[in-house]
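Dear colleague,

I am handing over the structure below, and after it you will find an account of what came out of it. Please keep it open while you read, so that you can follow each part by eye.

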Amino acid sequence: MPLLEITDMVVGYGRIEALHGISLTVEAGELVTLIGANGAGKTTTMRAVSGIRPLTRGTIKFDGQDITKMKAHLRVLEGIVQAPEGRGVFPGMTVQENLDMGCYTRKFATKAEYQATLDHVFELFPRLAERRSQVGGTMSGGEQQMVAIGRALMARPKLLLLDEPSMGLAPMIIQQIFRIVSEINAEGTTILLVEQNAQQALSRSHRAYILETGEVIKTGGGKELLADPSVKEAYLGVA
Amino acid sequence: MSTSTSATSAAAAKSPGPVGVGDRLRLWWNQLSRPAQWGVGLPIILLIAAMPVIRPPLLTTPDTDFGAVMAQFGMYALLAIGLNVVVGSAGLLDLGYVGFYAVGAYTVGLLTSPDSPWNKTGADGFLSDKWAWLAVLPVAVAVTAISGLILGSPTLRLRGDYLAIVTLGFGEIVRLLADNLENTTGGGQGLSGIAYPRVGVTEANPFGIFSIGNTAEPFNSGLWWFWLSIVLIIVVLMFVGNLERSRVGRAWVAIREDEDAAEIMGVPTFKFKLWAFVIGASIGGLSGALYAGQVQFVVPTNFNVINSVLFLCAVVLGGQGNKLGVILGAFIIVYLPNRFLGIGDYKYLIFGLALMIMMVFRPQGLIPVRQKLLAYGRKIWQAAGRRSREEQS
């Protein structure tokens, strides 16, 4: 049974349909990527899975349970946690407070468990440890992305949704973020990743879906798609 | 990359930069223990309470009774604290807050004024003259809370400007209802003879110290209402302060800063926005009940929508999110027009200008919230500025 199973999902903004019935699955432990150009519906898919956008049609199943109508904050309790596009760091809170917001709903049973998770986040992002008392709004883009991912990890997600973690970052930071994403996945967290940076994302993911104007047009293994001539042409800029 | 950032933080650590008086005061206050804070705070509160008795020559209002002005300040302070929960803590722009003030005042009026068909005082009512006001006070708070719930449940799905417009409409609807339901609210005539706490009845004061007829200097009715409002303000402040320090308060901050991110972190945003709205409304209702008792008379014109803007002025001027700040804001809003009677007619102009100037030069208000954090941010900027200058030279 897949961890996440989306069937025939239609999502619209007012009268405009952004997704025309997409279906995808994510197995437990996988790192799955959604690739597509601007306006393909990647972020809409993410927002539908995390519950910020309602579905017009179709179903979302998580861990065998139908969550199509479940409220966004309750999905967090189930283990679906998103690091939103544009990072969504609370600008007036410190790094520490931002991280603590991660475990707002999914509280820790013991103090030791909280400390262990926090230490782990600081291990992944040593920069955050240096900056725990800095205000989120004054951090650089890369650091904010680290806060957003770290905050999502504080909720101990079963399924981590990462929406364009590389957006607007310097190439070196992108490398670093992707390395950490792989590391998080290797530790057993299932990840659904949305990216425009096809090269990095495909080479690191188990499987990928290619979205175009609200539809899945191609799916396959990450490395497989990386070698696909049409994908190469459309997303990697190689003729 | 990493070397340059560590150099920045080292520079920031070496020169902490100038720390303002406000920062130092706050640091000093925060490191005091709870009993010590009370030890410092109580004399200050007592001194403020004694102001209308001492009547310091420069501070007092020469043309109006200082006690009455301070009583009005007490009510506005309560309003500002309530509105601050909605606007400052949860970040919901409410332009119809005067509506809740009106609901509180009219609840007391409708239940205790002889002009009202629902009057429960007098010969055939079950409320004794002596305790009528106190008995309907919780009713007024409850009714306002319910009105907040009724207004909030459909409208809090809206955001930002849309919410502001709908609440603006609510404030106007309440006033129009009061103006047009002539059979119950007395319409433009209003309701008179509203109950008040009838205590301290003596030969000289046949109606008690809270009666508007008590004009004894300096212990007139205004002073007694001021003292009563101080007690209520302290109770409300402790209640709101505890909320702000709890999970509820953290949820409010998260919603204010980024509502979508808060929802994604598992904060039930709608529920907490509704809570902020209901708590803010009930504090507004409490203030309205005080007002009705003090002047013993309510008319719709006292609840014009422009008052909402004035309350908002108090919150923004003082520093939204900071309870002490908004009380100072309320004091400015009430005191200045009464101290300098000449500006009374121009108060909307003056406060409007003041708001605009504040937005440009000090958008965080006179006493901003969490100066500590802002100071930290400033340090970062100063360090960054120094580094760029070094690079240039």
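In chain A, strands β1(A) and β2(A) form a hairpin with 2 residues between them, and G14(A) in the turn has a positive phi of about 60 degrees. Strands here (E, at least two residues) and helices (H or I, at least four) are DSSP runs, numbered from the N terminus. This is a predicted model, in which local features need pLDDT of at least 70 and side-chain atom pairs count only at pLDDT 80 or more, while totals for chains, interfaces and linings use all residues. Residues are numbered from 1 along each chain as its sequence is written, and chains are lettered from A and ligands numbered from 1 in the order in which they are written.

Strand β4 (residues 57-62) of chain A is joined to β5(A) by 2 bridges, and F62(A) has Q65(A) as its bridge partner in β5(A).

Turning to chain B, its secondary structure comes to 16 helices and 2 strands. Of its 393 residues, 45% count as buried, meaning that 20 or more other C-beta atoms, placed from the backbone, lie within 10 Å of the residue's own.

One helix pair in chain B deserves a look: the axes of α13 (residues 305-318) and α15 (residues 347-361) come within 11 Å and cross at roughly 40 degrees, the axes being lines fitted to C-alpha atoms over the stretch in contact, with angles from 0 to 180 degrees between N-to-C directions. That makes α13(B) oblique to α15(B), a word for angles that are not under 35 degrees (roughly parallel), over 145 (roughly antiparallel) or 65 to 115 (roughly perpendicular).

Finally, the contact between the chains takes 25 residues from chain A and 18 residues from chain B, where two residues are in contact if their C-beta atoms, placed from the backbone, lie within 7 Å. On the side of chain A that touches chain B, α2(A) gives the most, with 4 residues.

Best wishes

Definitions and conventions. A residue is buried if 20 or more other C-beta atoms lie within 10 Å of its own, exposed if 12 or fewer, and partly exposed in between; C-beta atoms are placed from the backbone. Two strands pair if DSSP finds at least two bridges between them.
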